[in-house]
Amino acid sequence: MPGHTKIAIIGWGSLIWDLDVLAPQTDLNWRMNAGPRLAMEFTRVSPKRKFGLAVCLDDISGVECPTHVIASTRDDIADAVRDLAIRERTDPQNIGAVCRNTGLSNSTRDQVARAVDDWCVQSGFSGAVWTDIGPNFHESNGEAFTVERGIAYLQTLREESLDEAVRYIENAPHGTDTPLRRALSREPWWVQEAMRLQLR
């Protein structure tokens, strides 16, 4: 692997189809399903996504799903962290990172950091960065997430917020096969909204 592509950027949500300002710092070639399997679910109410539900790392409500990898052009892990933080419009402390060269391991979830570190050993990357932001459904809605509550929440969205929620969940990689997404695929109103937006 070329020296300038030692650091991996691991993604699973909108990053896959919208690198945005991160694009110049990548080789623009996603390796789908090539990353570590991590537990995730659509349990984050995202202001950036017009308050739709975004997929995030969630070891309580989530199930293991494949992640996807694109190489950073950076040689320094701190630069790769900063790049991803800018794309995610968040503080660098919300970006997970491991670096086998320096021993860096930064994540709010030890099991995720270990899984990514093990994956780096197997894949030949010297380090990796990812969005280390977790669920906030409970804080936003006052109740713990369940699939039924997630669906009920989505049903409260209107106009642009609903359109964005449908686009986001429908555009997520096929392997992001979470309980909420499976349940939505059986909901006639959701299928109708997806068809209205020509996403199926």
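The model is predicted: local features need pLDDT of at least 70, side-chain atom pairs count only at pLDDT 80 or more, and totals for chains, interfaces and linings use all residues. Residues are numbered from 1 along each chain as its sequence is written, and side-chain values use heavy atoms, with hydrogens and water left out.

**Overall build**
- The protein has seven helices and eight strands. These are DSSP runs, with helices (H or I) of at least four residues and strands (E) of at least two, numbered from the N terminus.
- The C-alpha trace spans about 50 × 30 × 25 Å along its principal axes.
- Among contacts (heavy atoms within 4.5 Å) between residues at least 6 apart in sequence, 71% join residues at least 24 apart.

**Burial**
- Of the 200 residues, 52% count as buried. Buried means under 20% relative accessible area, with a 1.4 Å probe and protein chains only.

**His68**
- His68 lies in strand S5, which covers residues 68-71.
- His68 is buried, because its relative accessible area is 0%.
- The His68 side chain reaches the backbone nitrogen of Asn33 at 2.8 Å.
- Leaving aside residues up to four places away in sequence, His68 touches a set of residues including Ile9, Trp12, Trp30, Asn33 and Pro173.

Key: Buried < 20%, exposed > 50% of the residue type's maximum accessible area, 1.4 Å probe, protein only. Polar contact = N/O pair within 3.5 Å; in protein donor to acceptor, adjacent residues only side chain to side chain.
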